[in-house]
Amino acid sequence: MIGLPGTAPEADTCSRAGCRESATWRVDWRNPRIHDETRTKTWLACDEHVDYLRDFLASRSFPVAVERFGAQEAGA
Ligand SMILES: [Zn+2]
């Protein structure tokens, strides 16, 4: 369904292609070549893929920030 990450988050499933797990992390990132500083994109990630997605972006020297996602962590 999703060939490459980069679309807006759908519901709360992991953004990793082919993964249908519920997201527990959000990955906010920006491509400095095509986005200005006010424009960020958000991927959602499950526990298994958060490192993959973060490393994917970090390896391209994109600014990336990872935060807990989901109501179950609210107030933790
Ligand atoms: Zn996943």
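Which exposed residues sit on the face of H1 turned away from its buried side? Keep that in mind, and we'll get there.

Okay, hi everyone. First, what we're looking at. This is a predicted model, where local features need pLDDT of at least 70, side-chain atom pairs count only at pLDDT 80 or more, and totals for chains, interfaces and linings use all residues. Residues are numbered from 1 along each chain as its sequence is written.

pLDDT, by the way, is the predictor's confidence in each residue, from 0 to 100. The protein's mean is 85, with 79% of its residues at 70 or more. Among the elements, helix H1, residues 50-58, has the highest mean, 97, and strand S2, residues 41-45, has the lowest, 95.

We have one helix and three strands. Going along the sequence, the pattern is β-β-α-β.

Now the sheet. The three strands make an open sheet, ordered S2-S1-S3, with antiparallel pairing. The edges are S2 and strand S3 (64-68), each pairing on one side only. On average, neighbouring strands here are turned by 25° against each other, direction ignored. The axes behind that angle are lines fitted to C-alpha atoms, for helices over the stretch in contact, and angles run from 0 to 180 degrees between N-to-C directions. When I say two strands pair, I mean DSSP finds at least two bridges between them. Strand S1, residues 25-29, is joined to S3 by five bridges. In one of these, Val27 has Val66 in S3 as its bridge partner.

What about the inside? Buried means 20 or more other C-beta atoms within 10 Å of a residue's own, exposed means 12 or fewer, and partly exposed is in between, with C-beta atoms placed from the backbone. Of the 76 residues, 22% are buried.

The largest nonpolar core has 13 residues, and those with the most contacts inside it include Trp25, Leu44 and Leu53. A core here is a set of buried Ala, Val, Leu, Ile, Met, Phe, Trp, Tyr and Cys residues joined through C-beta atoms within 7 Å. S1, S2 and H1 each supply at least two residues of this core.

Take Leu44, over in strand S2. Leu44 counts as buried because it has 26 C-beta neighbours inside 10 Å. Its C-alpha is 7.9 Å from that of Phe69, 25 residues away along the chain.

Compare Ala65 in strand S3. Ala65 has 13 C-beta neighbours inside 10 Å, so it counts as partly exposed.

Last stop, the helix. Which residues of H1 are buried? They're Val50, Leu53 and Leu57. Seen down the helix axis, they fall within an arc of 75° (taken from the directions from the axis to the C-beta atoms), so they line one face of H1. The buried residues of H1 pack against S1, S2 and S3.

And that brings us back to the opening question. The face of H1 turned away from its buried side carries Asp51, Asp55 and Ala58, which are exposed. Thanks, that's me done.

Conventions. Helix = DSSP H or I, 4+ residues; strand = E, 2+ residues; numbered from the N terminus. Contact = placed C-beta atoms within 7 Å.
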